[in-house]
Protein chains: 2
Amino acid sequence: MTGFTTDAFGRIVGANQVLTDPDLMRGYLADWTGRRTGAADAVVRPRTTAEVSAVVAECARTGVAVVVQGGNTGLVGGSVPEVAGGPVVVLSTARMTDVEAVDPVEMCVGVQAGATVASIAAAAAAAGTRFAIDLASRDSATAGGIVATSAGGIHVVRHGGTRAQVLGIEAVRADGRVLRRWSPLRKDNVGYDLPGLLAGSEGTLAVITGVLFAVVDQPGHTAAAVVGIDTADEVFTLIRQIRRAGLVIEAVELMTRAGVALVVEAGARPALAGSSGYQVLLEVSGADPVQRLAAVLADSGVADAVVDEGPARPLWELRERHTETIAAASTTVPVKLDVTIRRRDLDAFLADLDELIASLPYPCRLVVFGHAADGNLHVNLLDVPVEQQAEVAHRVLERVVAREGSVSAEHGIGRDKREWLSVVRDEVDVATMRAVKQAWDPDGRLNPGVLFPDAPD
Amino acid sequence: MTGFTTDAFGRIVGANQVLTDPDLMRGYLADWTGRRTGAADAVVRPRTTAEVSAVVAECARTGVAVVVQGGNTGLVGGSVPEVAGGPVVVLSTARMTDVEAVDPVEMCVGVQAGATVASIAAAAAAAGTRFAIDLASRDSATAGGIVATSAGGIHVVRHGGTRAQVLGIEAVRADGRVLRRWSPLRKDNVGYDLPGLLAGSEGTLAVITGVLFAVVDQPGHTAAAVVGIDTADEVFTLIRQIRRAGLVIEAVELMTRAGVALVVEAGARPALAGSSGYQVLLEVSGADPVQRLAAVLADSGVADAVVDEGPARPLWELRERHTETIAAASTTVPVKLDVTIRRRDLDAFLADLDELIASLPYPCRLVVFGHAADGNLHVNLLDVPVEQQAEVAHRVLERVVAREGSVSAEHGIGRDKREWLSVVRDEVDVATMRAVKQAWDPDGRLNPGVLFPDAPD
């Protein structure tokens, strides 16, 4: 640290956009679950890429670590400034919310990093198009955040994840230089896919300041259904049957009996009369989707199902109310894990979880939901005593690893899961990732402590 | 160079798999068009990843450059060993052709780098699934090659390019270490997307030895049509109308009057009676696709169209015979360029080309075809005197750049287009790519001279 003062930041972004008062900084120092709290010398709120560039260059000059923060909706501590050692600033993109007009010919939309998913979706819809990424935190999660974690959400089965939507990117390198690829072209095989590499890099390679996203055609007619099934793997048979019938799968969400009971208790209208082990929310598009979907379900021998014309809000409500209901119902902050399981192991893994919960010496309720077509489950443990949470999370992830699943489907590694990196990636892989990190950020000042287990912390 | 002998390679792969005889090496030293020829100290043909690892480690020890070669179907000189200075070996994946059984539950197939696209497609089809990548060179192009160039082909509009099909990868680093991520999981946000970075890296970061590809569900019923249109941008209106009708676009191929005339002259059956400026081959899937597609076309006011049930080989033949017909018809090796143009500029660019051709002081016929939905055009110039070819290629690419298009849609940069890298990517971008290259291959021994303009050559 040489000559670090917050005054320099004030000259760049305006003194009132440099927060040093603990009361004003508080919201930027903890994640939204309140599990993690860090500390920072300042929170800096630039408005433009040029300001970000100048701030990051100043940080480079004075040896300051930079923790970039978007909507702060992350669940793995990736945007919490827990940095030991030298000075650290939180670089908030809260003021970088510009959303350009959608280009309906090139089918793209340019946004600043702080634009929310909801604002991008609204712009896309206003132009008669659709933003392919949708997730529960849409009102807070930002463009920069979903790219930095390559977030998924409910339409990955249809359009791929965030990485697949990134046509162009603008990012500030660790030394303040601005990297910009900004072309709507769908095919542009000119050198390394740096936008794709930044997607999922969790703020450790560069500070994303803008994104040029693809938008997609709105689906024509859609239908939704809630279907009762007894084993999770029936989902994949259903998906294939639906596709064979000429329909397009737009979303496939798995819910458990426990989760549905909880949201119904909280006031949501039940969709099914029966008590199947699982309920699956399907959304499809295509010609005559309601009739065709109903016909497929009848042919497939599904006993308990309800089909409705899209967008079918009451059916979606069952799924969407899970997060808030879980938070309200749990006597402690819920333990939330985001994992992927091989398709053939989904049922066995769900049984693993039941067994684990049954063996715990303290109260714990399990609610699982998720993007079943991707094998992506959100595992929620309610009522777990706070002092037991880290250990039970570890035990869940141990079972994921034993089944060769992913310890992070779409939330990233952040700080919470960095101990797992060298468990699920081999030595050459981790060494290669470190070499890539070194190439982009030789001084290790961008989001130190995130991703790699023994980075300066 | 210290102690380099080809004997060491013989001990690894067997002496008969180390070619040094000029006659035996010839096919490995030139590209298939015959435009480019290089030289090498040996061609080494390993069978396994362990052998590749040992060969590359030996090259590292003795300072030998490694040019990896798959089907050698590239069009930009990326696999031709034009390396000045120290010793160089061509590492051929010709014997690494294993294709594992398709996993129909996890929907993936593991292959060695030398497996051809056709062999992967056959394995996928045998399991009732589909390999999403299909391109004209399917019988020769290899897994390693299509990943190294992130090749596209005819179904990108439906499934994305090669990068989107890569679930896992195995690659040998410049020092011989083996990097392996090999999981069928669709979501696995654990660290940097190294497989995605290797896709499109053109052999400059590591030697790809194996790929775990996704396979997709076969489309249900399909239909194809050839449609006459007068301006290329009508394609995008058609695509939207087709999607609104609940059909899925599987392929959209543009042909010009000149190209169609050429293949018809060569014996292909014409599809349309009229003489529209362009003919578009459409493939769709969905419910009752023939009737629905015909209805959309009738509604859209298309005057000249023929619709057939999929797979509609006679219609596809019109498009597929372009490459061979062009090669046979041209009095010199055809100039072949692969570019992407913004959707709104397609017609203007096609007019640019006509103007350019008309201005040439030598005979030149123009045939353009390509993957219209992606804005990807394959520009073929016939009859151009060999000594004029580099210059006219340059002039075409100048017009691409003037329209903010891509000088390489899906063929890569190779050696042919490296001068364009710093034209279409800015200084920070190129510097970042160089830093990434340095991180993976500090001695610059993997495919030197490819991608970067002033690499050792």
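This is a predicted model: local features need pLDDT of at least 70, side-chain atom pairs count only at pLDDT 80 or more; totals for chains, interfaces and linings use all residues.

Visitor: What is the phi of M107(B), and where is M107(B) placed?

Guide: Phi of M107(B) is near 55 degrees, a positive value in a residue other than glycine. M107(B) sits in the loop between β4 (88-92) and β5 (108-112) of chain B.

Visitor: Is the peptide bond from G310(A) to P311(A) cis or trans?

Guide: The general idea is that most peptide bonds are trans. The bond from G310(A) to P311(A), however, is cis, with omega near 0 degrees. P311(A) belongs to the loop between β14 (305-309) and α12 (313-320) of chain A. In chain B, G310(B) and P311(B) are likewise joined by a cis peptide bond, with omega about 0 degrees, and P311(B) is found in the loop between β14 (305-309) and α12 (313-320) of chain B.

Visitor: How should I read salt bridges, and how many are there over all chains?

Guide: Side chains of opposite charge can pair when their charged atoms come close. Over all chains the count comes to 63 salt bridges. One of them joins the side chains of R130(A) and E283(A), at 4.0 Å from N to O. This pair links distant parts of the chain: R130(A) is in strand β6 (residues 129-130) of chain A and E283(A) in strand β13 (residues 278-285) of chain A, 153 residues apart.

Visitor: How many salt bridges are there between chain A and chain B?

Guide: Between chain A and chain B the count is 20 salt bridges. Among them is the one in which the side chains of K187(A) and E410(B) meet, at 2.9 Å from N to O. Polar contacts may be counted as well: 41 residue pairs are in polar contact between chain A and chain B, both residues being at pLDDT 80 or more.

Visitor: Which elements give two or more residues to the side of chain A that touches chain B?

Guide: They are β8 (178-181), α8 (194-198), α9 (234-244), α16 (421-424) and α17 (427-440) of chain A. The largest share, 10 residues, comes from α17(A). By kind, the residues on this side of chain A divide into 31 nonpolar, 21 polar and 28 charged.

Visitor: How many residues are in contact, and what area do chain A and chain B bury between them?

Guide: The contact involves 80 residues of chain A and 80 residues of chain B. Together the two chains bury about 6600 Å², 52% of it on carbon and sulfur atoms. K187(A), N189(A) and Y192(A) supply 15% of the area that chain A buries against chain B, more than any other three residues.

Visitor: Which residues of chain A does the UniProt annotation cover?

Guide: The unreviewed UniProt entry carries the annotation "domain: FAD-binding PCMH-type" for residues 36-218 of chain A. In the model, the end C-alpha atoms of residues 36-218 of chain A lie 39 Å apart, and the span is 23% helix and 22% strand.

Terms used: Residues are numbered from 1 along each chain as its sequence is written. Chains are lettered from A and ligands numbered from 1 in the order in which they are written. Side-chain values use heavy atoms; hydrogens and water are left out. Contact means heavy atoms within 4.5 Å. Buried area is the accessible area (1.4 Å probe) that two parts lose on being put together, summed over both. A polar contact is a pair of N or O atoms within 3.5 Å; within protein, one must be able to donate a hydrogen and the other to accept it, and residues adjacent in sequence count only if both atoms are side-chain atoms. Helices (H or I, at least four residues) and strands (E, at least two) are DSSP runs, numbered from the N terminus. Ala, Val, Leu, Ile, Met, Phe, Trp, Tyr, Cys and Pro count as nonpolar, Asp, Glu, Lys and Arg as charged, and the others, Gly among them, as polar. UniProt positions are given in the numbering used here, feature names are shortened, and annotations may be inferred rather than shown by experiment.
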